[in-house]
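Me: Hi! I've got a structure open and would like to talk through how it is put together. Can you help me read it?

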Amino acid sequence: MSVYIIAEMSANHCGDKKLAKKIIKKAKEIGVDAVKIQTYTADTITIDCKDEIFMTGKGLWEGRSLYDVYKSAYTPWQWQKDLKKYADKIGIDFFSTPFDYTAVDFLENLNVPKYKIASFEAIDYPLIKYAAKFGKPMIISTGISSLEEINEAIEACKSVGNNDITILKCTSSYPAKISNMNIITIKDLIDRFGSQGVKIGLSDHSMSIEPVIAAVALGASVIEKHFTLDRSLGGEDSGFSLNVKEFKKMVKAVRNTEKALGKVDYSINQNNRKYARSLFVVKDIKKGEVFSPKNIRSIRPSNGLHPKFYDFVIGKKAACDLKFGKPLKMEFIEQGE
């Protein structure tokens, strides 16, 4: 099965529904499997409080309250039915991240095909259970979860009978530094949870595609990356989103990596094998003459004896006259009694 590539639109529509549709269309054109949005309002994700603990730290949103950031970034709910209808029409998956029960109910009415749980909600097991109970595939990011909490999130899904679970390795910094991503963790997650039928992927907030390629090489089956038509358009998430050219390059790199990974295969290319080394006569040899490093060598091509017989041949006698350039055969060697 091909790696499932998700373009996260998030706030990159910049409050413009037409731009949102353009993002969906372009994602389809460059070979993306799905576009994801986020379903919340500022009031469903936090409260309007300016106390220090509700203020953002250093980074893209420094000096702003959580409420103000989310109020600016949210995708209007009244758009979402039309956006899904448009995505269905052009043939690309469209789903969302719900941040509370009302969002799940709303998205159920839209009949989205799956649910994504964001990193900061991955410890909200009641929310996970509420979404999972509808039996749709669950994708859960792990940017702030301990190993124990990852296991608990998986168990939350299973507790309501939902076993279609994908866990995304995630580094919740915006943008993420490559040196902090520890992509090798994907292999460990596969080793830990793959036997349970849990799929593993990557939610990548870096500005590079190398982590994605590494993740696919390690066995990731889902890739999620923020997508914008143009970072100069602005938007709360533009600072850690790939533009069209970059995202297209990433999609191509993923598909080429899949092709390169291929399957376990020890078959031999016989066209190339004929140029492999073998044992040849490199000096005229008379019948009864002893084979030595001076008159036989391991050289290309492969018409003579396998090089593994070199030590066996050395010291033996020739059973017949042999000319320079003759591929050495077993019948040319005197056999002892």
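Predicted model: local features only at pLDDT ≥ 70, side-chain atom pairs only at ≥ 80, totals over all residues.

Me: Which way do the residues of β8 point?
Reply: Val222, Glu224 and His226 point one way, while Ile223 and Lys225 point the other way. In a regular strand, side chains alternate between the two faces of the sheet.

Me: Nice. Which strands are joined to β8 by bridges?
Reply: Strand β1 (residues 4-8) runs parallel to β8 and is joined to it by five bridges. Strand β7 (residues 199-204) is also parallel to β8, with four bridges between them.

Me: And which residues in β8 are the bridge partners of Ile6 and Leu202?
Reply: Ile6 has Glu224 as its partner, and Leu202 has Ile223. From β7, the chain passes through helix α9 (residues 210-218) to reach β8, in a right-handed β-α-β crossover.

Me: Switching topic: how many residues are in the largest nonpolar core, and which have the most contacts inside it?
Reply: That core has 71 residues, and Ile24, Val32, Ile128, Ile223 and Phe247 have the most contacts inside it. Another core, of twelve residues, lies apart from it and includes Val281, Ile296, Leu305 and Leu322.

Me: What is Ile24 in contact with, leaving aside its neighbours within four places in sequence?
Reply: Ile24 is in contact with Met9, Val35, Leu83, Tyr86, Ala87, Ile90, Ile92 and Phe94.

Notes
Residues numbered from 1 in each chain as written. Heavy atoms only, no water. Buried < 20%, exposed > 50% of the residue type's maximum accessible area, 1.4 Å probe, protein only. Helix = DSSP H or I, 4+ residues; strand = E, 2+ residues; numbered from the N terminus. Pairing = 2+ DSSP bridges. Right-handed = clockwise from strand over helix to strand, strands pointing away. Core = buried A, V, L, I, M, F, W, Y, C linked by side-chain atoms within 4.5 Å. Contact = heavy atoms within 4.5 Å.
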